[in-house]
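Open the model in your viewer and keep the selection panel at hand. We will go stop by stop.

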Amino acid sequence: GATVGTYTIVREIGRGGMGRVYLATDAPLGRTVALKALAPHLVRDPRQRERVRREARAAAALTHPGICTVYALEEIDGDLYIASEFVDGRTLGEEIRSDRRPSADEILSTARDLAAALASAHAANIVHRDLKPDNVMRARDGRLKILDFGLARAEPGSTDAAPSVTEPGAIIGTPAYMAPEQLNGETVGARADVFSYGVLLYEYACGVHPF
């Protein structure tokens, strides 16, 4: 496959408005990684480049088994890439969209594991701001991992607290999972993530969105 710096691209494994994610191998360390690249039409936008840097720093500051590990932030030929842990499994969104509903024990286990990971981020003053089923991966061994800190915000008191890269009053995130204050474009804290967590768990347990 194509090479990006020391990484060899194996295949594309995801894409969205902000960029693409590739399965890649890190040649010097001999490991498989998920390599996230900013979309071509955004790569020269200073605000979007800073958002990628924020995502890398926010996730790298968190050390919890329920949060996807960031290995490196790379600038290669003017483009920005985040190399992170590759989680082999499927998202909670995919589980929800399947025909199978989880048992009570599975719901409780998922709720506990996800709450522990989210609490770890909040203890480090990091608010995710886009918690949703497609940003939570279940590995093949059953472990949960929160992904995609692209909209994460460092609250005052954290080591990464800095001026926001989001316009005042701008609504960012996924509306179906956003707390009322987030929908209103207000500054949000950890409670907004807890609201999203409740919506996510309802949908996971019932197979339908609460609203």
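Select Lys145 and Pro65. In this predicted model, the side chain of Lys145 reaches the backbone oxygen of Pro65 at 2.9 Å. That is a polar contact (a pair of N or O atoms within 3.5 Å; within protein, one must be able to donate a hydrogen and the other to accept it, and residues adjacent in sequence count only if both atoms are side-chain atoms).

Before moving on, note the ground rules. Residues are numbered from 1 along each chain as its sequence is written, and side-chain values use heavy atoms, with hydrogens and water left out. Because the model is predicted, local features need pLDDT of at least 70 and side-chain atom pairs count only at pLDDT 80 or more, while totals for chains, interfaces and linings use all residues.

**Stop 1: around Lys145**

Stay on Lys145. Its strand is E10 (residues 144-146). Strands (E, at least two residues) and helices (H or I, at least four) are DSSP runs, numbered from the N terminus. Is Lys145 buried or exposed? Lys145 has a relative accessible area of 5%, so it counts as buried. The cut-offs: buried is under 20% relative accessible area, exposed is over 50%, and partly exposed lies in between (1.4 Å probe, protein chains only).

Now show its surroundings. Leave aside the neighbours within four places in sequence. Lys145 is then in contact with Pro65, Gly66, Ile67, Cys68, Glu85, Val87, Asn135, Val136 and Met137. Contact means heavy atoms within 4.5 Å.

**Stop 2**

Glu85 leads to the next selection. It is the bridge partner, in E6, of Val33. Colour the sheet: six strands, open, in the order E1-E2-E3-E4-E6-E5, with antiparallel pairing. The edges are strand E1 (3-4) and strand E5 (70-76), each pairing on one side only. Two strands pair if DSSP finds at least two bridges between them.

Select strand E6 (residues 79-85) with strand E4 (residues 31-38). They run antiparallel, joined by five bridges. Ala34 stands opposite Ser84, and Ala37 stands opposite Tyr81. E6 is mostly covered, with six of its seven residues buried.

Turn to the other partner of E6. E5 and E6 pair antiparallel over six bridges. Here Glu75 faces Leu80.

E3 pairs with E4 in the antiparallel sense over eight bridges. Leu23 has Ala34 as its bridge partner in E4. This hairpin has four residues between its strands. Gly30 in the turn has a positive phi of about 65°.

**Stop 3: helix H3**

Select helix H3 (104-123). Its 20 residues, at 1.5 Å a residue, should span 28 Å, and the end C-alpha atoms are 28 Å apart, so the two agree. The expected span is 1.5 Å times one less than the number of residues.

Which residues of H3 are buried? They are Thr110, Ala111, Leu114, Ala117, Leu118, Ala121 and His122. These cover an arc of only 145° around the axis, so they lie on the same side of H3. The arc is that of the directions from the helix axis to the C-beta atoms. An α-helix has 3.6 residues a turn, so residues three or four places apart point the same way.

Just after H3, Asn125 takes a positive phi of about 65°.

**Stop 4: helix H5**

Select H5 (residues 190-206). Its 17 residues should span 24 Å, and its end C-alpha atoms are 25 Å apart, which agrees. Buried residues here include Ala192, Tyr197, Leu200 and Tyr204. Among the elements covering the buried residues of H5 are helix H2 (92-97), H3 and helix H4 (180-183).

Finish at Cys206, in H5. With 40% relative accessibility, Cys206 counts as partly exposed. After H5 comes Gly207, with a positive phi near 85°.

**Last stop: the whole chain**

Zoom out. The protein chain has five helices and 11 strands. Of its 211 residues, 45% count as buried.
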